[in-house]
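Thank you all for making the time this morning.

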Amino acid sequence: MACRISELVIDVADPERLAAFWSEVLGYVELGREEDGSIEIGPPGAGFGGPQPTLVLSPGDAPRTGKLPLHLDVSATDRDQDAELARLLALGARPVDVGQTGTESWHVLADPEGNEFCLLRARLRPL
């Protein structure tokens, strides 16, 4: 038997702001809050243990330096890449240069706190 990713925990300065951003990006809802200020978001109707991992936005004040060693890749489910890029930028994402050549099939973006993620060209079917 193997393991399955159930949660991704991200240390952030403002869990409220990032929970709102990522909920809009992924179509997630708030699942719960912890006394330490962490906010867990996930797919509506599924929650922890569902087919997709939940995100836990955990308060952290350690300054981040350099490129993250792990980032998220997202793919649109109901529109093409250009339309999804416009939507993500309107939500507060911003383009980031991490050394790409400009010929990539994906866009490198950062969330409102500067955490990098990529918007892939491939479109996935909704679960």
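A word on terms before anything else: helices are DSSP runs of H or I with at least four residues, strands are DSSP runs of E with at least two, and both are numbered from the N terminus. What you see is a predicted model, in which local features need pLDDT of at least 70 and side-chain atom pairs count only at pLDDT 80 or more, while totals for chains, interfaces and linings use all residues. Residues are numbered from 1 along each chain as its sequence is written, and side-chain values use heavy atoms, with hydrogens and water left out.

Let me start with helix 2, at whose beginning a side-chain oxygen of Asp80 comes to within 3.2 Å of the backbone nitrogen of Asp82; that is a polar contact, meaning a pair of N or O atoms within 3.5 Å, where within protein one must be able to donate a hydrogen and the other to accept it, and where residues adjacent in sequence count only if both atoms are side-chain atoms. Just after the helix, Gly92 adopts a positive phi of about 120°.

Which residues of helix 2 are buried? They are Gln81, Glu84, Leu85 and Leu88, where buried means under 20% relative accessible area, exposed means over 50% and partly exposed lies in between, with a 1.4 Å probe and protein chains only. Viewed down the axis of helix 2, these buried residues fall within an arc of 105°, so they line one face of the helix; the arc is taken from the directions from the helix axis to the C-beta atoms. The face turned away from that buried side carries the exposed residues Asp82 and Ala90, whereas the cover over the buried residues includes helix 1, strand 7 (107–110) and strand 8 (116–119).

Gln81 deserves a moment of its own, since this buried residue has a relative accessible area of 12%, and a polar atom of its side chain lies 3.0 Å from the backbone oxygen of Ser105. Leaving aside neighbours within four places in sequence, Gln81 is in contact, meaning heavy atoms within 4.5 Å, with residues including Trp106, His107 and Leu119.

Over in helix 1 we find Phe21, which counts as buried at 4% relative accessibility. Phe21 and Gly92 are 71 residues apart along the chain, yet their C-alpha atoms are separated by 7.6 Å. Beyond four places in sequence, Phe21 touches Leu88, Leu91 and Gly92, among others.

Strand 4 holds Leu55, buried at 2% relative accessibility. Among its contacts, again leaving aside neighbours within four places, are Ile10, Trp22, Leu26 and Tyr28.

Finally, the largest pocket holds about 710 Å³ of space. A pocket here is an open set of points on a 1 Å grid over the protein atoms alone, where a 1.4 Å probe fits, with protein on both sides within 12 Å along at least five of seven lines, and lining residues have an atom within 4 Å of a point. Its lining comprises 28 residues, of which Leu26, Tyr28, Gln52, Ser75 and Thr77 lie nearest the centre. Helix 1 (15–26), strand 4 (54–59), strand 5 (72–74) and helix 2 (81–91) each supply at least two residues of that lining.

Notes:
Points joined across faces, edges and corners; volume = space filled by probe spheres on them.
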